[in-house]
Amino acid sequence: MSINERTSGILLPLFSLAGYGSVGALGGAARTFVDFLSRAGQTWWQMLPINPIDVFHSPYSGVSAFAGESLFLDVDELGLPETLVKEVALGVLPGNRVDYESAQRGRKLLYREAFERFTSGCGYALFHEQEEEFYERNRYWLDDYALFQACADRFGTRNWSQWPKEYRRHEMAVRQVRQGQEERDVQFIRFLQLVFDVQWRQFRQYCQEKNILLLGDVPIYVGQASADTWSHPELFQMNEDGVPDRVAGVPADDFNPDGQRWDSPLYDWQEHARTGFDWWLKRIEHTLSRFDAVRLDHFIGFYNYYSFPAGTILGGQGHSGDSSDWLPGPRETFLDLLFDRFDRSRFIAEDLGVMNEGVHKLRDRYDLPGMNVLQFSFDNCGRTNPTLQWKENSIVCTGTHDTPPVLAWLNDLELAGPEHWTPANFAAIWHVLLQYQRDSEQVLMNFQEYPQRYGSTRDYWHYSAPLAPGEHRPVREDLLALRQAVIRIVMNSPGKVALFPMQDLLGLDASARTNFPGRCDGNWLWRLLPGQLTDERADELLALTAEGNRLPVISRSTR
């Protein structure tokens with residue numbers, strides 16, 4: 001199976017898995033979700049990046065483009081006493097919010113204990129068996145990452161521009177760390193990556209046995225405070241002391257009226273070209289070794305990228321007075337090399353945002369599927385069904401990790417009322433969705449009655465006061481009745497692969513949103529509650545998948 005076949009899947013970050021403890025991770029909860037996908041006739045599990053997260057918990061400003069996030073380790077497979085595991089790391093009551101601080105604090109103690117047992121020869125035969133091969137296969141990034149993280153732990157920050165000068169230079173730091181506790185810390189971090197690699201391969205083997213494919217993500221940028229910028233500052237628009245000259249972001253658009261400033265350092269594409277794009281090709285190869293297909297995040301950045309001078313505010317000027325602007329990316333120079341080496345049928349172009357004809361031509365040059373998002377498709381289209389115009393060679397979805405749950409989006413559109421203009425008209429969307437709703441007559445009657453009966457939609461829903469910060473409106477009952485319709489309209493659309501955020505399948509409100517673009521805090525926190533992956537929900541998704549002719553071949557032959 002591949003992205004060229006008519007299939008479907010679910011978007012769920014690894015940290016959003018249910019289970020005991022502070023954060024979703026590999027292990028029993030991951031296998032349970034794979035079982036759910038298999039029962040529901042799904043083909044794909046779409047994840048967000050699994051690299052180490054930054055201080056705001058974002059996987060899109062990663063600490064390494066190659067390492068795995070150690071919070072995702074299955075502690076049950078570390079050979080530690082069960083009482084210690086539950087007492088130290090997993091004593092937090094389950095909830096629908098990730099507690100990163102608790103997870104990091106408790107798991108570090110467990111990981112240290114496991115490392116001491118590993119180095120003293122107390123068990124861990126599986127890891128010892130694969131140790132030498134793993135280190136040799138990953139030496140090109142592993143040593144730099146382990147040394148970077150050890151230094152970050154010593155100096156209390158990953159922002160290496162604040163380290164002592166002798167540690168800011170990669171070569172100098174290598175000479176500094178030759179013995180003592182720092183060398184021990186380097187070995188510890190290498191051990192965690194060994195465990196991640198072994199556990200990930202076991203997990204992927206389980207997915208293959210259940211015929212579930214993994215869809216990964218390649219963020220366009222890495223964080224400024226990262227092992228990649230520290231070990232290869234020449235590949236970025238920054239100086240040797242870790243201070244960026246230019247940083248990444250996007251200008252204002254309909255989705256983000258204030259624009260977004262990501263503060264990730266921009267690439268020095270000329271230097272990448274001089275090296276034959278070696279860092280990028282190794283990065284892609286490494287990601288493809290973990291996933292069956294990958295999404296090229298912010299594909300527009302390969303055609304042109306938005307450049308902020310370091311130190312600006314959105315829309316402002318740099319210290320030297322130069323303005324923010326679009327600049328050319330590597331385009332065919334890089335992508336020709338990429339697709340000469342790797343099968344292009346394993347790639348998706350995330351072509352959302354400020355598009356232009358050049359971006360579309362670059363995408364189509366390699367016959368890459370782009371993305372169609374239901375929430376972005378109703379703008380100014382009246383009562384016509386926009387999904388009928390979606391291309392077959394595309395990935396289609398109700399929303400992404402950057403959008404609110406689809407019913408929360410509809411809720412806000414309805415509550416805006418006619419006095420607040422939006423490019424998407426609630427009444428027109430309702431009209432289209434009713435065509436995909438089994439009990440549409442009753443829903444239509446309610447929709448036709450309440451403006452006459454109550455005078456306005458705002459009165460009908462009893463929401464006249466503005467929301468306080470942090471508050472969320474629950475999705476109203478009439479909109480919950482459209483949950484199947486929003487799944488069905490995408491399932492029946494022309495696009496080859498249909499993907500659904502788990503929140504949309506469950507019909508959750510805005511409190512379950514994964515990320516607010518352009519905002520640092522309050523993101524990457526939502527997780528499933530135990531018991532939400534019911535057989536009834538799996539059977540419902542299976543029926544909708546069969547109706548959309550998206551069951552994988554193996555499911556069609558056995559049902």
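Side chains of opposite charge can pair when their charged atoms come close. Because the model is predicted, local features need pLDDT of at least 70 and side-chain atom pairs count only at pLDDT 80 or more, while totals for chains, interfaces and linings use all residues. Residues are numbered from 1 along each chain as its sequence is written, and side-chain values use heavy atoms, with hydrogens and water left out.

Of the 559 residues in the chain, 57% are buried, and here buried means under 20% relative accessible area, exposed over 50%, and partly exposed in between (1.4 Å probe, protein chains only). Among contacts with a separation of 6 or more, 76% come from residues 24 or more positions apart, a contact being heavy atoms within 4.5 Å.

How confident is the predictor, and where does pLDDT stay under 50? The chain averages a pLDDT of 86, and 86% of the residues score at least 70; pLDDT is the predictor's confidence in each residue, from 0 to 100. Residues 313-321 stay under 50, and the model has 15 contacts beyond four places in sequence for them. Residues 450-465 also stay under 50, with 27 contacts beyond four places in sequence. Where pLDDT is low, the predicted coordinates should not be read in detail.

Several salt bridges can be looked at one by one. R139 pairs with D143, the closest N and O atoms being 4.0 Å apart. These two residues sit four residues apart in helix α4 (residues 125-155), so about one helical turn separates R139 from D143. R139 is partly exposed at 41% relative accessibility, and D143 is partly exposed at 29%. In helix α10 (residues 278-288), D278 and K282 are likewise four residues apart, about one turn of the helix, and their side chains meet in a salt bridge of 3.1 Å, N to O. D278 has a relative accessibility of 35%, which means that D278 counts as partly exposed, and K282 is partly exposed with a relative accessible area of 29%.

A further salt bridge joins D336 and R365, with 3.3 Å between the closest N and O atoms. This pair links distant parts of the chain: D336 belongs to helix α12 (residues 332-341) and R365 to helix α13 (residues 357-365), 29 residues apart. D336 is partly exposed at 29% relative accessibility, and R365 is partly exposed at 46%.

Turning to the rings, the count comes to 43 aromatic pairs. Rings of Phe, Tyr and Trp (its six-membered ring) pair if their centres lie within 6.5 Å; planes under 30 degrees apart count as stacked, over 60 as edge-to-face and the rest as tilted. The ring centres of W163 and W230 are 5.8 Å apart and their planes lie at 65°, so this pair is edge-to-face. It links distant parts of the chain, with W163 in the loop between α4 and α5 (165-168) and W230 in helix α8 (residues 227-231), 67 residues apart. W163 is buried with a relative accessible area of 1%, and W230 is buried at 1% relative accessibility. Y306 and F308 form another edge-to-face pair, 5.2 Å centre to centre with 80° between the planes; Y306 and F308 are both buried.

Charges also sit over rings, meaning that NZ of Lys or CZ of Arg is within 6 Å of the ring centre and within 35 degrees of the ring normal. R331 lies over the face of Y303 at 3.8 Å from the ring centre, and R513 lies over the face of F516 at 4.4 Å.

F516 leads on to N523: leaving aside neighbours within four places in sequence, N523 is in contact with T514, N515 and F516. N523 is found in the loop between α20 (502-506) and α21 (535-547) and is buried, with a relative accessible area of 2%. A polar atom of the N523 side chain lies 2.7 Å from the backbone oxygen of R519.

Definitions and conventions
A polar contact is a pair of N or O atoms within 3.5 Å; within protein, one must be able to donate a hydrogen and the other to accept it, and residues adjacent in sequence count only if both atoms are side-chain atoms.
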